[in-house]
Amino acid sequence: MSLPVETPPPSSAFWDSTWHARVALPLAAVSLMLVLLWLWRPWLLLPGTQPLVMQGGDPYLRALMRTISAAESNVRRPYHVVYGGDYVGTLDRHPNRCEAIGQGPNRGNCSTAAGRYQLLYSTWLELAAKYHPQRTDDALDATGLSFAPVYQDAVVHAWLQERRWGNVSAQLQQGRIQPVLRRLSGTWTSLGYGIESNSMSRELPGVYLGLVREELKAAGQASGQEKSRAANAARP
């Protein structure tokens with residue numbers, strides 16, 4: 001009589017092998033890192049979304065301004081960049097350097113765009129004469145007004161509140177980021193609906209959503225701190 005043959009349990013020889021384990025675990029870790037990098041790529045690849053220098057203001061407009069600079073000046077020093085990618089060392093005034101345009105529909109012309117929001121010299125003079133904190137009654141004085149980061153922010157923040165755009169903040173509060181980007185694309189052509197979209201244009205709605213959450217959180221914290229200071233000041 002023959003004895004029954006026992007069936008061996010399923011083999012785990014793959015994981016029992018030290019060599020296989022040494023290879024598989026690092027591969028799994030690398031795969032996870034690649035997935036995370038893909039999910040976080042807009043923020044990792046967008047140094048232009050760094051916080052504004054200007055303090056205060058509408059959190060929805062602040063997030064929009066950071067989104068604009070993600071498309072227009074996606075560099076580590078966005079306030080100092082001029083069209084074409086070079087940097088200027090001083091921001092005493094708008095650089096007004098007309099840099100050659102090498103591609104796109106305006107190839108062969110030049111652009112004076114500069115700063116975080118890539119403002120043309122003529123645009124800066126017009127806006128600075130109306131919104132620069134150091135402006136005077138003489139519009140010609142705008143040529144000598146500081147182009148420092150805080151003033152770039154302040155001027156553009158005020159500009160985005162003009163009636164020509166509609167009520168941008170209200171639209172953003174309603175979640176209408178794409179209509180806002182479409183309207184602004186006539187001025188900032190990289191926002192996804194203009195003549196010079198770039199590789200980041202399609203990412204901008206998602207980038208904005210992350211930034212507005214950050215700005216609203218910061219605004220809430222600032223508001224809480226103000227209330228705390230007011231309460232402390234009111235105590236006898």
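Predicted model: local features only at pLDDT ≥ 70, side-chain atom pairs only at ≥ 80, totals over all residues.
Residues are numbered from 1 along each chain as its sequence is written, and side-chain values use heavy atoms, with hydrogens and water left out.

**View 1. The aromatic pair of Trp 124 and Phe 147.**
A pair of aromatic rings is described by the distance of the centres and the angle of the planes. Rings of Phe, Tyr and Trp (for Trp, its six-membered ring) pair if their centres lie within 6.5 Å, and the planes count as stacked when under 30 degrees apart, as edge-to-face when over 60, and as tilted for the rest. The structure holds three aromatic pairs. One of them joins Trp 124 and Phe 147 edge-to-face, at 4.8 Å centre to centre and with 85 degrees between the planes. This pair links distant parts of the chain, since Trp 124 is in helix 4 (residues 121-131) and Phe 147 is in the loop between helix 4 and helix 5 (149-159), 23 residues apart; helices (H or I, at least four residues) and strands (E, at least two) are DSSP runs, numbered from the N terminus. Trp 124 counts as buried at 0% relative accessibility, and Phe 147 is likewise buried, with a relative accessible area of 0%; buried means under 20% relative accessible area, exposed over 50%, and partly exposed in between (1.4 Å probe, protein chains only).

With a relative accessible area of 4%, His 94 is buried. Its side chain reaches the backbone oxygen of Leu 119 at 2.8 Å, and a polar atom of the His 94 side chain lies 2.9 Å from the backbone nitrogen of Asn 96. When residues up to four places away in sequence are not counted, His 94 touches Thr 112, Ala 114, Leu 119, Leu 120, Tyr 121, Trp 124, Leu 145 and Phe 147, where contact means heavy atoms within 4.5 Å.

The structure holds one disulfide, a term for a pair of cysteine sulfur atoms within 2.5 Å. Because Cys 98 lies in the loop between helix 3 (59-72) and strand 1 (99-100) and Cys 110 lies in strand 2 (residues 110-111), the pair ties together parts that are twelve residues apart in sequence. Cys 98 counts as partly exposed at 42% relative accessibility, and Cys 110 is partly exposed at 40%. Asp 86 is partly exposed, with a relative accessible area of 43%, and Arg 97 is partly exposed at 31%.

**View 2. Salt bridges of Arg 66 with Glu 214 and of Lys 130 with Glu 162.**
Side chains of opposite charge can pair when their charged atoms come close. A search of the whole structure finds six salt bridges. In one of them, the closest N and O atoms of Arg 66 and Glu 214 are 3.0 Å apart; the pair links distant parts of the chain, with Arg 66 in helix 3 and Glu 214 in helix 8 (residues 204-234), 148 residues apart. Arg 66 counts as buried at 3% relative accessibility, whereas Glu 214 is partly exposed, with a relative accessible area of 40%. Lys 130 forms a salt bridge with Glu 162, with the closest N and O atoms 2.9 Å apart. Lys 130 lies in helix 4 and Glu 162 in the loop between helix 5 and helix 6 (168-173), so the pair ties together parts that are 32 residues apart in sequence.

Methods. Polar contact = N/O pair within 3.5 Å; in protein donor to acceptor, adjacent residues only side chain to side chain. Salt bridge = Lys/Arg side-chain N within 4 Å of Asp/Glu carboxyl O.
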